[in-house]
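Good morning, and thank you for coming.

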Amino acid sequence: MDSETKTEPMRVLVTGGSGLVGKAIEHMVKQEGGCLEGEQWTFLCSKEANLVDLQQTRAVFEKYRPTHVIHLAAKVGGLYLHMKENLNFLRDNLRINDNVLQTSHEMGVTKVVSCLSSCIFPDKTTYPIDESMIHNGPPHDSNFGYSHAKRMIDIQNRGYFEQHKHRYTAVIPTNVYGPYDNFNFENGHVLSALMHKTYAAKKEGTPLQVWGSGTPRRQFIYSLDVARLFLWVLREYDEIDPIILSGESNMVVVCVGGWSVNECVCVCVCVCFDTSKSDGQIKKTASNAKLRRYLPDFTFTPLSEGIKKTCDWFVNNYDIART
């Protein structure tokens with residue numbers, strides 16, 4: 001018998017691996033040296049398993065036997081789709097999250113890192129928001145279904161720790177943008193939808209129409225920054241309580257984001273605002289004090305640089321990105 005004991009590889013399963021953050025993590029792991037010796041990474045897409053279905057969830061876990069899970073999979077959409085389908089967002093996301101967490105428990109997964117959203121915070125609150133304030137009041141009405149489903153991950157993580165001593169945790173990124181985002185006019189995230197609209201306005205010689213008043217404020221974070229932070233959380237962050245992922249000096253008025261996109265695609269178009277459309281939550285300023293206590297020297301991508309990189313990716317991948 002060998003005196004040396006073989007160490008089991010760290011097998012990481014990333015649900016939602018074909019989405020915005022999943023693709024960013026894949027880029028870091030495969031192209032930026034983010035995969036450490038002894039790690040095996042699998043990036044799962046919805047075509048391989050519908051995680052709303054418990055049997056399909058169990059089957060894909062049996063196939064890959066993960067020791068660690070980064071849980072990104074979710075039913076997602078832009079503001080206006082959420083407003084139309086709050087119940088669907090609630091029911092589907094509750095199922096996805098419960099299936100992933102319970103199956104992780106049943107199969108002995110060492111650690112799960114789930115992705116929450118800044119929309120989970122109370123609509124009526126004081127600013128800046130921190131991690132202790134998640135459950136202090138109801139979220140904004142516009143996406144209450146998605147928000148409550150995401151909040152429940154935090155509750156489940158506490159339960160799995162108290163009852164089974166599992167170290168399941170979550171991150172709360174602010175508004176993520178970058179390559180592989182949803183650039184759809186109606187259902188896309190705000191910056192990415194603006195990029196597509198600006199590109200179309202340039203091609204067609206029409207004004208850029210921004211839905212809403214353009215006055216809401218958002219904190220944006222580049223997807224590759226989120227990916228680097230996910231790797232740190234997976235390997236080093238030991239708390240059950242979630243952690244906000246946000247950079248500094250990045251609170252931007254939506255209309256200013258529109259002008260920044262204009263500059264990045266080298267076009268000056270007339271901008272008009274359709275105030276018949278909802279603004280959603282006016283602001284949701286989040287504190288990154290906890291993150292900075294852990295990582296005081298982490299460098300975030302400046303917004304102008306991130307927008308330029310994302311615009312370039314969109315233009316170069318227009319046939320894929322516009323769908």
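This is a predicted model: local features need pLDDT of at least 70, side-chain atom pairs count only at pLDDT 80 or more; totals for chains, interfaces and linings use all residues.

Residues are numbered from 1 along each chain as its sequence is written, and side-chain values use heavy atoms, with hydrogens and water left out.

The protein chain contains eleven helices and eleven strands; these are DSSP runs numbered from the N terminus, with helices (H or I) of at least four residues and strands (E) of at least two. Of its 323 residues, 53% count as buried, that is, under 20% relative accessible area with a 1.4 Å probe, protein chains only. Among contacts with a separation of 6 or more, 80% join residues 24 or more positions apart, a contact being heavy atoms within 4.5 Å.

Let me turn to the aromatic rings. The structure holds ten aromatic pairs. Rings of Phe, Tyr and Trp (its six-membered ring) pair if their centres lie within 6.5 Å; planes under 30 degrees apart count as stacked, over 60 as edge-to-face and the rest as tilted. One of these pairs joins Tyr 177 and Phe 220: the ring centres are 6.3 Å apart and the planes stand at 85°, so the pair is edge-to-face. Tyr 177 belongs to strand E6 (residues 175–177) and Phe 220 to strand E8 (residues 217–222), so the pair ties together parts 43 residues apart in sequence. Both Tyr 177 and Phe 220 are buried.

How do the rings of Tyr 177 and Tyr 222 meet, and what are their planes at? Their centres lie 5.6 Å apart with planes at 50°, so this pair is tilted. Tyr 222 is also buried, and Tyr 177, Phe 220 and Tyr 222 form one aromatic cluster.

Charges also meet rings here. Lys 23 lies over the face of Tyr 180, 5.2 Å from the ring centre; the criterion is NZ of Lys or CZ of Arg within 6 Å of the ring centre and within 35 degrees of the ring normal.

Conventions. Buried means under 20% relative accessible area, exposed over 50%, partly exposed in between (1.4 Å probe, protein chains only).
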